[in-house]
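Have a look at the structure first.

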Amino acid sequence: MSTGSDLSSSNGAGGVVRVDDVIREDRHSSEVERERERDREDVEDNESLIFSSTPQPVIIRGTGSVTIFGLSNRFDSEFPQSLQGKLAQEEFNQTMGEVNDILRRTMPLNFRWLLCGCVCCCCTLGCSLWPVICLNKRTRNTISKVLDKENQRLYRKLGMKWQLSKQRCEGSNMTEYVLRLVFLPKVHILKPD
C-alpha cells in the first residue's frame with residue numbers, strides 16, 4: 001500500500017505526474033491569487049483616500065443685471081460658508097474684486113456693441129454681431145488670465161484653483177459662465193512609491 005505522496009499517474013506523453021507536484025502547484029496558484037487580491041484592495045484603499053478627501057468645488061454664479069452670451073456683468077462677492085477655515089475672507093474679496101472690476105470696465109462696451117449689432121443685424125446678415133462676440137471672448141480671456149495669476153500667487157499653495165467655466169443653467173438648456181474654486185487632491189508624502 002502506498003501513501004498519498006507516492007501516488008503517481010501516467011500522463012498521455014508517457015511521463016509521470018506526482019500528486020505532490022499537483023498539490024504544490026494548486027497551493028502556489030491560490031497564494032498568488034490571494035496576493036493579487038490584497039494588492040487590488042490596497043490600490044482601492046489608496047485611491048479612496050486620495051479622492052474621498054477632496055471636497056466638492058465651490059461655484060460662484062453671476063448675479064448681475066445684464067448677461068451677454070452667458071457672461072454676467074457681476075459675480076456674487078459674498079463669502080461662501082464652505083470656505084470657512086480654508087481661505088481668508090480678505091483674499092476671497094480681493095480676487096472677486098479684481099474679477100468684478102474687469103467686468104465693470106468691459107461689459108458696458110459689450111452691451112453697446114450688442115445693441116448696435118442687433119439694430120444692424122438684418123442689413124449685415126448677422127455679421128454685425130461679430131464685434132460683440134470678439135469683445136466677450138476677450139473679456140473671458142482677461143478674467144482667465146487674472147485667475148491664473150491669482151492661482152500662482154496664492155491658491156495653488158493652499159491646494160485650490162480658480163476656473164472660469166461654462167455650466168448649464170438649472171431648469172433650462174442655456175449655459176452660463178461661473179467661477180469654480182476647485183480643491184486639488186493632496187499628495188500623500190509618506191506613501192511609498
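Helix α2 (residues 89-119) packs against helix α4 (residues 130-155) at an angle of about 170 degrees, with the axes 9 Å apart. That makes the two roughly antiparallel, since this label covers angles over 145 degrees. The residues of their contact split into 15 nonpolar, 7 polar and 5 charged. Axes here are lines fitted to C-alpha atoms, and angles run from 0 to 180 degrees between N-to-C directions. Helices (H or I, at least four residues) and strands (E, at least two) are DSSP runs.

This is a predicted model, where local features need pLDDT of at least 70 and side-chain atom pairs count only at pLDDT 80 or more, while totals for chains, interfaces and linings use all residues. Residues are numbered from 1 along each chain, and side-chain values use heavy atoms, without hydrogens or water.

Now the sheet: it is open, has 3 strands in the order β3-β7-β6, and pairs antiparallel (pairing takes at least two DSSP bridges). β3 (58-60) and β6 sit at the edges, and the twist averages 30 degrees from one strand to the next.

α4 packs on this sheet, touching β6 and β7, and α2 lies across β3, β6 and β7 (contact means heavy atoms within 4.5 Å).

| Helix | Angle with β6 |
|---|---|
| α2 | about 45 degrees |
| α4 | about 150 degrees |

β6 (residues 160-168) and β7 (residues 175-183) are joined by 9 bridges. Q167 stands opposite E176, and S165 has V178 as its bridge partner. The two strands form a hairpin with 6 residues between them, and G171 in the turn has a positive phi of about 85 degrees.

Conventions
Parallel < 35°, antiparallel > 145°, perpendicular 65-115°, else oblique. Nonpolar A, V, L, I, M, F, W, Y, C, P; charged D, E, K, R; others polar.
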